[in-house]
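Thanks for coming, everyone. Please bring the sequence and the structure up on your screens. I'll take you through the main points.

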Amino acid sequence: MKTKVFTALTERQLLEEMNESLTKSPVSTRSAVKALNNLFYMLSTRKLSEATIRNVYVALLKGFQSKDLYLKLCIYSAIEKMSKLTDEGLVGINVLMNDLNGKIPDDAKAMTLRTLFSIIPFEMVYDFRKYINQAFVSTSMARRDMSVVVAYRLLCDNFTQVKKWLEGVEFTGSPLMDYHIAGFLAQSRRLQLSSVENLRGPAGIVGIRMAEDVVRENSEALVILRKFLNSKFCDEVVFMEAAKIVSGLSEEYGSQFVDQTIQSLRIFLRSTNMVLQFTAMRIISQLAQKYPQKVSVANKEIEDLVSSENKSISMFAITSLLKTGTEETIDKLVNLIPSMVHDMSDGFKKIAIETLESLSNLFESRKTLYIDFLGSSLLQKGELEFKKYIIDVISRATRDDDTRERILEILCTYIEDSQYYQITLDILGILSREIPRSKTPAKYVVHVLNRLILENNHVRAGALQCLYNISSVVSPLTVENAMKRCLNDQDESIREIAAFLLRNMKLSRVYEPFSFDELGDLKARVLQYVGKPCEDKEVEKDPLIKNCRELVLTEANGDVQIKVIKKVYEDKLVFSFSLKNNLEGIQICDGMLNLVSSDCEKRSLSIKIDQIDPLSFLSIEREWDVKEGCVINGAFDYTICVEGDMSDTETDSISFHPFQITALDFVRPVRIMKNPEKKNEITFNLQGDIYSAGKKVLDLLNMKIISQETEKNTMIVLLHGEYYKTPIAIHVNLVHNVACKCVVDVYCDDEHVAQKITKLFD
C-alpha cells in the first residue's frame with residue numbers, strides 16, 4: 001500500500017500498513033519508518049481502540065527481526081509511547097533484554113534501557129536493577145548517562161530504593177550528563193548545598209533552584225545566590241536563572257540582591273546577542289514591578305532598546321520605563337504604545353494594559369490613553385480568553401464617572417461586530433448596570449435592540465434582560481414594543497422570556513417596588529441565601545491583618561518537620577500548620593498535635609493527624625482563641641510503620657520550639673505617610689552571620705519592608721506598619737564583626753505601644 005506520511009488513515013488501514021511493513025521478511029526500513037510516522041501522527045490526533053493498540057504492539061515486536069539500527073531506534077520510541085496505553089508491555093521485555101545482552105552499539109543499548117524500564121510493571125522494577133548497574137559502570141558515556149536518567153525517573157515515581165543503586169555517582173564534566181546527575185542527586189537528597197556553587201551550565205540551574213528552595217531556612221543559600229549573581233563568576237545561563245529567581249523572591253529576601261542583579265543585567269542589555277538582550281530585558285521588566293527605583297539606574301540602557309528591531313524587546317523596554325522613568329519620559333512612551341498594538345501578542349497586550357492601568361491611577365491625564373488602548377485591543381481579533389480579560393478590566397474602569405461614556409461607546413461598537421457571542425453576553429451585563437448611570441442612556445438603546453435581530457438565542461435572551469434592566473431610564477414604550485415582537489418568535493425560550501419580562505414590567509406599574517425590609521427578621525437570612533450583601537451593612541475592609549512569616553518549630557533534619565504560619569485577623573487567630581514526613585518508606589499515622597498557651601487560662605489545642613505518607617506534606621488550619629503576649633509550647637505524638645504494613649509499629653514524640661503571639665503580629669504591614677517623632681533605641685548582639693541575624697530580626701518584626709540595603713558585613717532595613725491605626729516605623733542596623741551588633745530604632749508616638757515592641761527585644 002502506498003501512502004503519504006501523515007495521511008489521515010483509518011485504524012484498519014494503519015494495521016494493514018504496520019503488518020505489511022514490519023511483519024514480512026525482509027523488513028523494508030523505508031516502509032516501516034513511514035508506517036511508524038503514521039502511527040505517531042494518529043496517536044497525537046485521536047484515541048485508538050484497545051484492540052488496535054494490542055495488534056499494533058504485536059506488529060512492533062515483530063519488527064525487531066530487522067538488523068537496521070535506525071529502524072530499531074524508531075521501534076524503541078514507538079514501544080515507549082505505546083507502553084502508556086496498554087498493559088501488554090510484558091511481552092516485549094524478553095526482546096529488549098536480548099538486545100541489552102547482545103552486540104548492538106552502546107548508543108542503541110542506552111535507548112533500549114530506557115524503553116525497557118518504560119514497559120516493566122511497577123512491582124517488577126527492583127528485579128531489573130542489574131541492567132542499570134551494568135550501564136552505570138559501562139565505558140560508554142551514553143549508557144552511563146541513560147542509567148542516571150532512568151534512575152531519576154524511577155525516583156520521581158517514588159521508587160526510593162533506587163538511590164542506593166548509583167552510590168558512586170560523580171560529576172563528569174559533560175554538561176548534559178552533569179545536568180542529569182545533579183537532578184538525580186537533588187531528587188535523592190544527596191546534592192550538598194556546599195557543592196552547588198561549583199556547578200556550571202545546565203547542572204548549575206539545578207543547583208541554583210535548590211538554593212532557592214532553602215533560601216528562607218539556610219543563610220548559606222543567600223551567599224551562594226550572591227555568587228551566582230556575579231556574571232563573571234558563572235556562565236550566562238546560570239546567571240540568568242539566578243536573576244530570574246531574584247525577581248520571584250519576596251521583597252524580604254530579594255531586595256538585598258536587586259542592585260547587584262541590575263548592574264550585571266546592564267551588561268547583557270548592551271550585548272549584540274538578541275537572546276541575551278531579550279532574557280535580560282524580560283527579567284528587568286519583572287524586577288521593575290517590585291523595585292522601580294532600583295531598576296531606574298539601568299534606564300539609559302533600557303531606553304536604547306525602545307527602538308529595537310525585536311518587538312518583544314521593545315515592548316518590555318517601554319513597559320519597564322513606564323514604571324521607572326520620569327513623567328517627561330512617560331509622556332513620550334505612552335504615545336508609542338497605540339502604534340504597536342497591531343504587532344503585539346495577547347501576552348504583551350496584557351502587560352501593556354496592566355502598566356497603563358497603574359499609570360492611569362497615578363496620573364489622571366493618562367486615563368484617556370488607557371481607555372483608548374483598551375478599546376483598540378478589544379476591537380482587534382484575538383483569543384476568547386484575552387477578550388474576557390479585557391472585559392474584566394473594562395468592567396473595573398466603568399466605576400469612574402469621567403470614563404463611563406467613552407467605555408459605553410467602545411462596548412456598543414464592539415457588539416455590532418462581535419467575534420464571540422460569550423463576550424457579547426458579558427457586555428450586555430455591563431450595559432445593564434452602566435446605562436442607567438449614563439448621562440445619555442437613550443443613545444445606547446439601539447445597539448441593544450439590534451441584538452434581538454442579528455444574534456443567536458443566547459444573546460437575544462441577554463438583550464431582552466438588558467432592555468428590562470434599563471427600562472426605567474429609557475422609553476418604556478420602545479422596550480415594550482421590542483418585547484411584544486418577540487412574543488411571536490420562532491424560538492420557545494425567547495417567547496417565554498419576553499412574556500415573563502412583560503408581565504414584570506406591567507406589575508411594577510401596579511404595585512410598589514418590593515423591599516427586603518418587608519421580610520422583617522428573615523431579611524438577613526434571605527439576603528445571605530440569594531448571595532446579596534446586606535443593604536444596611538457598610539462595606540468592610542479586609543479583616544485579615546496579615547499572614548505572618550513562616551516559623552520552623554522543629555529541626556529541619558528530623559524525622560518530622562513542622563512549620564506554622566500565624567494568620568492574624570481583626571477578630572481571630574488562625575494557625576496554619578505544615579507537617580512534612582522526612583522518612584523514606586515509613587508512614588506516620590495516628591498522630592496528635594498538642595499545643596498549650598502560657599496565659600493565665602492555660603488554653604490547649606489538640607489536632608488529630610490520621611496519616612502522612614513517606615516524604616509527603618500535610619497542611620492543616622485551626623482557629624484558636626489565644627491572646628496577645630502568650631507563649632505557645634507543644635509536641636507531636638505519632639506512630640510510625642513501614643508503608644502499607646501496620647503489623648509492626650513504634651511510637652515517638654517530638655517537641656516544638658516555643659513561639660510567641662506578640663504585638664508585632666497585629667501590626668498591619670502598610671506604608672505610613674509620615675514618620676512618628678518619638679524614638680526608642682535598643683542595642684543587642686546576635687550570633688551568626690549577617691544573613692542569619694537579619695532573618696531572626698525580620699521574623700520577629702513581621703512588618704512591611706520599605707527598603708533593605710545589604711553589603712558584606714552590614715544590613716540596613718526600614719520597616720513600616722500600623723498597630724490598630726497607630727503608625728510605626730522601625731529602623732534596623734546590623735553590623736557583623738565577631739558577633740552581629742544590632743541597633744533597632746522604634747519610631748512610635750504611642751508610648752504604650754512603643755514599650756510593647758521594645759520589650760520583645762529584651
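A definition to begin with: helices (H or I, at least four residues) and strands (E, at least two) are DSSP runs, numbered from the N terminus. On that basis, the protein chain has 32 helices and 16 strands.

Some ground rules. This is a predicted model, where local features need pLDDT of at least 70 and side-chain atom pairs count only at pLDDT 80 or more, while totals for chains, interfaces and linings use all residues. Residues are numbered from 1 along each chain as its sequence is written, and side-chain values use heavy atoms, with hydrogens and water left out.

Now the overall picture. Along the principal axes, the C-alpha atoms of the protein chain fill a box of roughly 90 × 80 × 65 Å. The chain has 762 residues, and 49% of them count as buried. Buried means under 20% relative accessible area, exposed means over 50%, and partly exposed lies in between (1.4 Å probe, protein chains only). Next, contacts, meaning heavy atoms within 4.5 Å. Take the contacts in the protein chain with a separation of 6 or more: residues 24 or more positions apart account for 62% of them.

On to helix packing. Two packed helices are described by the angle between their axes and the distance between the axes. Axes are lines fitted to C-alpha atoms, for helices over the stretch in contact, and angles run from 0 to 180 degrees between N-to-C directions.

Start with helix 11 (residues 201-214) and helix 13 (residues 236-248). Their axes come within 8 Å and cross at roughly 20 degrees. So helix 11 is roughly parallel to helix 13. Angles under 35 degrees count as roughly parallel, over 145 as roughly antiparallel, 65 to 115 as roughly perpendicular, and the rest as oblique. Which residues make the contact? Helix 11 brings G201, G204, I205, I208, R209 and E212, and helix 13 brings V237, V238, E241, A242 and I245. They divide into six nonpolar, two polar and three charged. Here Ala, Val, Leu, Ile, Met, Phe, Trp, Tyr, Cys and Pro count as nonpolar, Asp, Glu, Lys and Arg as charged, and the others, Gly among them, as polar.

Helix 13 has another partner to look at, helix 15 (residues 274-290). Here the axes come within 9 Å and cross at roughly 15 degrees. Therefore helix 13 is roughly parallel to helix 15. From helix 13, the contact includes E236, M240 and A243; from helix 15, it includes L276, T279 and A280. The contact residues divide into seven nonpolar, four polar and three charged.

Next, two helices by length. The expected span of a helix is 1.5 Å times one less than its number of residues. Helix 22 (residues 367-379) has 13 residues and reaches 18 Å between its first and last C-alpha, close to the 18 Å expected. Its buried residues include L369, Y370 and F373.

Last, two single residues. Leaving aside neighbours within four places in sequence, E80 is in contact with M111, R114, T115, S118 and R153.

Q611 sits in strand 6 (residues 604-612). Q611 is partly exposed, with a relative accessible area of 41%. Q611 and C589 are 22 residues apart in sequence, and their C-alpha atoms are 4.2 Å apart in space.
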